[in-house]
Amino acid sequence: ERVSLSQPLFFFHVPKTSGSSMRTLLSSAVGARTKLLPCVNCACTCDPLADRTRNRSSCAVAVLGHIFPFPTVNGHPSVRLLLLLDRGVYGRPRCRRHWPHDEPAGEEAVWRLLNRSLCVTLLRNPVHRLVSSFYEFIHRKSSNLSLPAYLSAFGPQRLVESAGGGHVYASLLGGGRPDRAARLLSTCVTGIQERYTDFVATLGRLLPMAPPLSGAREHAHPRYGMPDVYDYNGLSRLLLPLMPGETELWEQASAVAAQQHALAARYAPLAASAAIPPPLSAIKAIGEGTPIDAAARAAPHARLCGHVACARSALGARVVGTGIGGDIALAAARHLIV
């Protein structure tokens with residue numbers, strides 16, 4: 001069984017990446033089994049260790065929401081809390097997951113748990129995510145200015161800092177460390193919002209998920225004051241130099257997601273009768289064993305900056321990876337540029 005008490009499903013939901021749509025699909029795939037839905041600043045199951053949610057936390061086969069592998073500066077709950085809960089540190093748990101507890105519940109214990117489980121995460125073009133985040137969390141809450149007016153008044157550096165300082169992915173997925181965030185993208189089944197339908201198709205080979213009727217819309221839930229169209233090319237040229245770490249992780253996610261999808265596409269969806277799922281270890285190992293070549297890294301940036309020369313450079317780059325990995329990466333580069 002792909003998802004169970006000892007091998008739970010983790011969805012690390014980065015805000016403003018179509019995560020709410022993904023959480024709904026994953027929740028449906030798990031069915032009526034116990035789920036934990038951590039969230040922030042609300043009255044629902046925010047704290048996995050609270051008296052009203054502790055039993056659900058210990059018995060959940062799926063953890064879907066704002067919980068992350070490592071503690072964050074914003075105080076989000078972490079996977080480590082579930083490890084400690086299973087060990088009885090916070091009292092006798094209702095359900096035992098039979099996780100090995102022969103070593104301290106440090107960082108390597110978290111990696112061992114994620115390696116044996118199905119973990120999922122979804123990233124988004126950093127500039128698009130910043131615009132969506134601005135109108136969700138800043139506009140009308142701390143400033144009634146539109147994004148262009150905010151830029152004019154305070155400048156691009158202040159805008160980036162107001163939306164996480166260009167380190168949101170490293171903060172949430174790596175506990176503030178870009179190297180841990182990069183490792184997570186190779187450990188989990190990774191997707192990008194711009195290829196949302198492909199990501200759902202990949203997951204549909206691992207879980208019985210019905211395909212969506214269409215991909216996630218650019219602004220699924222537009223906020224007050226948010227225009228339908230933006231000059232994202234112009235914003236990218238202005239903002240990307242201020243958020244290189246965010247861009248690099250998104251580019252890595254783009255390459256890993258394309259290669260995982262290419263492998264998963266060889267199998268029939270689990271919703272089909274008698275479908276055989278692909279080995280989860282093969283899907284998750286893609287980011288570890290195959291070099292992400294220059295073309296795959298440059299292609300997402302070509303789309304971000306909007307320069308034809310950048311796209312041509314990506315297609316003309318020498319493929320570092322060999323064999324099928326290199327072929328998939330180069331095909332992914334062409335696909336993203338188109």
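1. Phe-134, Tyr-135, Tyr-150 and Phe-154 form one aromatic cluster. The model is predicted; local features need pLDDT of at least 70, side-chain atom pairs count only at pLDDT 80 or more, and totals for chains, interfaces and linings use all residues. Numbering runs from 1 along each chain as its sequence is written, and side-chain values use heavy atoms, with hydrogens and water left out.

2. The structure holds 5 aromatic pairs. Rings of Phe, Tyr and Trp (its six-membered ring) pair if their centres lie within 6.5 Å; planes under 30 degrees apart are stacked, over 60 edge-to-face, the rest tilted. One of the pairs is Phe-134 with Tyr-150: edge-to-face, 5.3 Å centre to centre, 70 degrees between the planes. Phe-134 lies in helix α5 (residues 126-138) and Tyr-150 in helix α6 (residues 147-154), so this pair ties together parts 16 residues apart in sequence. Helices (H or I, at least four residues) are DSSP runs, numbered from the N terminus.

3. Tyr-150 also pairs with Phe-154. The centres are 4.8 Å apart and the planes at 50 degrees, so the pair is tilted. Both residues lie in helix α6, 4 residues apart, about one turn of the helix.

4. Burial next. Buried means under 20% relative accessible area, exposed over 50%, partly exposed in between (1.4 Å probe, protein chains only). Phe-134 is buried at 0%. Tyr-150 is buried at 5%. Phe-154 is partly exposed at 39%.

5. Charges over rings: NZ of Lys or CZ of Arg must be within 6 Å of the ring centre and within 35 degrees of the ring normal. Arg-180 lies over the face of Phe-70, 4.1 Å from the ring centre. The charged end of Arg-183 sits over the ring of Trp-111, at 4.1 Å from its centre.

Methods: Helix = DSSP H or I, 4+ residues; strand = E, 2+ residues; numbered from the N terminus.
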